[in-house]
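Subject: A structure for you, with some notes

Hello,

I am passing a structure on to you today, and I hope you enjoy looking through it.

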Amino acid sequence: MKKDKIFKIIKKEKKRQQNTLNLIASENYVNKNILKAQGSILTNKYAEGYYKKRYYGGCKYIDKIEHIAIKRAKKLFKAKYANVQPHSGTQANLAAYNSILNIGDTILSMKTTHGGHISHGSKSSISNKIYNCKYYGLNKKGNLDYKNIKKLAIKYKPKLIIAGFSSFSKICNWKKFKKIADINKSYFLADISHIAGLIVTNLYPNPIKYAHIVTSTTHKTLCGPRGGIILSNNKLLYKKINYSLFPQTQGGPLMHIISAKAICFKEALNIKFKKYQLQILKNTKSMFKEFKKKKFEIISNKTQTHLFVLNLKKIKISGLKAQKKLEKANIIVNKNYIPDDKKNSFKTSGIRIGTPSITKRGIKEKTSSYIAKLICKLLINIKKKKYIYKIKKKVKKICKKYPLYKK
């Protein structure tokens, strides 16, 4: 039987991933066991409902897998309750909102242009249509202005305050957010999608003892399959969350993905995982220093995580143009808003740099710094085509030295 042409495209994508340096902060590479689990016969099984409370028969082994995933998630995040069924971080967030809010209730969250996520009430998200969304942002120094957030909370009396970011590079003070939420007895939700790997290795503060609900993706720094989770220490809230996810906002769970999540959680409990997260931070700082040397403006002027955002206004190029030119040189980044960006979401004035993927390949500080030098050279000489081809050759050498999946 002739192979479907889809497999040819998959082969090409595998080659693309091998021959490019991926600096997208929200992407990562999973190991072969996770790939096997995701491609397993578990994809055949419907399992609507929860552990030992299914709406379908034949769930004896499905229950065992989900039970293990929940136990590992609770241990990993130091949480009393965990729902491992969300298909994505956005679905985890929508289910969380639905569990505690009514239509028209007020949410206070970070502006998308300042680093907040679309699902936190952006005008392009369905959450903005359902709820009354108000926003806080960064101050001129690129810091969270807790005094201003407090003022906004007093003014708008939100039912829910969201902390958690898509491109903020500093430490978030969860305790301060909780105190602000307590003023109006607001719910406090922490979205840790980007920093989950750093949190579970104690390299970033864990919000679980402050937030009523914690949501996350399982990819990004956590290195697992694409999916979401919801955590809480409140039993009553947990019951509401479960009902909000199924049957209200999601149908059958993806059991092949949940099995991969369980594998991911076990890996994250290993001491090697902390070494990996420490290397992510070292690589990010080495790249950051190189961009500072070359006088690039960096949002918040500091990184304490796996990412940072370059402001390209001074060199007069858009994030989109930088992204396209870098891709021609086999360096993959994503265009990104800068605070109060005047360009739209398709162009933007910045690019986001993240190191989880290159670190997974075994790259360390010296090579990370060198990659940053190559990016600087290309961006400064963006109109000169010869730089693209020269840098592309150098990138291919790095990729060959650090293969994705060793045989």
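Leaving aside its neighbours within four places in sequence, which residues is Thr367 in contact with? The answer is Ile398 and Tyr402, where contact means heavy atoms within 4.5 Å. Thr367 itself sits in helix 14, which covers residues 365–380. Thr367 counts as buried because its relative accessibility is 16%; buried means under 20% relative accessible area, exposed means over 50%, and partly exposed is in between, with a 1.4 Å probe and protein chains only. Helices here are DSSP runs of H or I with at least four residues, strands are runs of E with at least two, and both are numbered from the N terminus.

Before going further, a word on where this comes from. This is a predicted model, in which local features need pLDDT of at least 70 and side-chain atom pairs count only at pLDDT 80 or more, while totals for chains, interfaces and linings use all residues. Residues are numbered from 1 along each chain as its sequence is written, and side-chain values use heavy atoms, with hydrogens and water left out.

The whole chain

The protein chain contains 15 helices and 15 strands. The radius of gyration of the protein chain is 21 Å, which agrees with the value near 22 Å that a compact globule of 407 residues would have. That radius is taken over C-alpha atoms, and the globule rule is 2.2 Å times the number of residues to the power 0.38. Along the principal axes, the C-alpha atoms fill a box of roughly 65 × 60 × 40 Å.

Of the 407 residues, 54% are buried. Looking at contacts between residues at least 6 apart in sequence, 74% join residues at least 24 apart. The chain exposes about 20,500 Å², and carbon and sulfur atoms supply 54% of that area; the areas come from the Shrake-Rupley method with a 1.4 Å probe, and for residues only the protein chains shown count as cover.

Helix 5

Ser127 belongs to helix 5, residues 126–130. Ser127 is buried, because its relative accessible area is 0%. Not counting residues up to four places away in sequence, Ser127 touches Leu94, Tyr97, Ile118, Ser119, His120, Gly121, Ser122 and Cys133. A polar atom of the Ser127 side chain lies 3.5 Å from the backbone oxygen of Ser119.

Lys129 is also in helix 5, but Lys129 is exposed, with a relative accessible area of 74%. From Lys129 to Gly104 there are 25 residues in sequence and 8.6 Å in space, C-alpha to C-alpha.

Helix 11 and what follows

Phe291 is in helix 11 and counts as buried, because its relative accessibility is 0%. Apart from residues up to four places away in sequence, Phe291 touches Phe296, Ile298, Phe308, Leu310, Ala372, Ile375 and Cys376. Phe291 and Gln248 are 43 residues apart in sequence and 47 Å apart in space, C-alpha to C-alpha.

Lys294 comes in the loop between helix 11 (271–293) and strand 11. At 37% relative accessibility, Lys294 counts as partly exposed. Lys294 and Ala372 are 78 residues apart in sequence, with 9.8 Å between their C-alpha atoms.

Some backbone details

A cis peptide bond joins Phe246 and Pro247, with omega about 15°. Pro247 is found in helix 9, residues 235–249.

Asn301 lies in the loop between strand 11 (297–298) and strand 12 (307–311), and is partly exposed, with a relative accessible area of 47%.

Thr348 also has a positive phi, near 60°, in a residue other than glycine. The place of Thr348 is the loop between strand 14 (334–336) and strand 15 (350–354), and Thr348 is buried, with a relative accessible area of 2%.

Best wishes

Note on methods. Polar contact = N/O pair within 3.5 Å; in protein donor to acceptor, adjacent residues only side chain to side chain.
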